[in-house]
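Please report on the structure shown here. Cover the surface, the contacts between charged side chains and the pockets.

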Amino acid sequence: MSTVRQLADACDREKGHGGKPVRNHFLLMKILSRSVTERLGWTTGSYAVAQAFRLVNNVVLARLLAPELFGIMLIVNTLRTGVELLSISGSAKIS
């Protein structure tokens with residue numbers, strides 16, 4: 001059973017005036033928006049951490065490798081990332 005359906009059923013069980021079930025849409029939307037906000041925060045945070053690690057990795061490699069080798073590595077990583085992005089967008093259009 002989906003989370004939305006469970007929340008809607010829980011809201012239906014609340015009794016309003018006259019003993020009739022009342023669906024509290026405000027409560028439902030408040031719970032759902034908090035869930036979406038938390039998920040968005042985790043997604044954004046994980047992306048920021050991944051980018052920070054990538055930056056640190058590039059700085060360390062720039063200090064360790066000779067300039068020619070670092071340039072070749074950057075070209076290869078750029079091409080690899082481009083192919084990866086194209087393959088991801090291509091597979092999304094197929095499915």
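Leu64 sits in helix H2, which spans residues 25-64. The model is predicted. Is Leu64 buried or exposed? Leu64 is exposed, because its relative accessible area is 66% and the cut-off for exposed is over 50%. Leu64 also belongs to a nonpolar surface patch, together with Val56 and Val60. The accessible area of Val56, Val60 and Leu64 together is about 290 Å².

**Overall fold and surface**

The chain has three helices and zero strands. Read from the N terminus, the order of elements is α-α-α. The chain has 95 residues, and 6% of them count as buried. Its accessible surface comes to about 8,100 Å². Carbon and sulfur atoms account for 69% of that surface.

**The salt bridge**

How many salt bridges does the structure hold? It holds one. The partners are the side chains of Glu84 and Arg80, with an N to O distance of 3.3 Å. Glu84 and Arg80 both lie in helix H3, residues 67-94. They are four residues apart there, so about one helical turn separates them.

| Residue | Relative accessibility | Class |
|---|---|---|
| Leu64 | 66% | exposed |

**The largest pocket**

Rolling a probe the size of a water molecule over the atoms shows where empty space is left. The largest pocket has a volume of about 190 Å³. Which elements give two or more residues to its lining? They are H2 and H3. H3 gives the most, with six residues.

The lining consists of Arg54, Asn57, Asn58, Leu61, Met73, Leu74, Asn77, Thr78, Arg80 and Thr81. By class, it has three nonpolar, five polar and two charged residues. Among the lining residues is Arg80, the salt-bridge partner of Glu84.

Terms used
Residues numbered from 1 in each chain as written. Predicted model: local features only at pLDDT ≥ 70, side-chain atom pairs only at ≥ 80, totals over all residues. Heavy atoms only, no water. Buried < 20%, exposed > 50% of the residue type's maximum accessible area, 1.4 Å probe, protein only. Areas by Shrake-Rupley, 256 points an atom, 1.4 Å probe, with all protein chains shown as cover. Patch = residues over 30% accessible without salt bridge, like charges linked within 9 Å, V, L, I, M, F, W, Y side chains within 5 Å. Salt bridge = Lys/Arg side-chain N within 4 Å of Asp/Glu carboxyl O. 1 Å grid on protein atoms, 1.4 Å probe; cavity = no way out; pocket = protein on both sides within 12 Å on 5 of 7 lines; lining within 4 Å. Points joined across faces, edges and corners; volume = space filled by probe spheres on them. Nonpolar A, V, L, I, M, F, W, Y, C, P; charged D, E, K, R; others polar.
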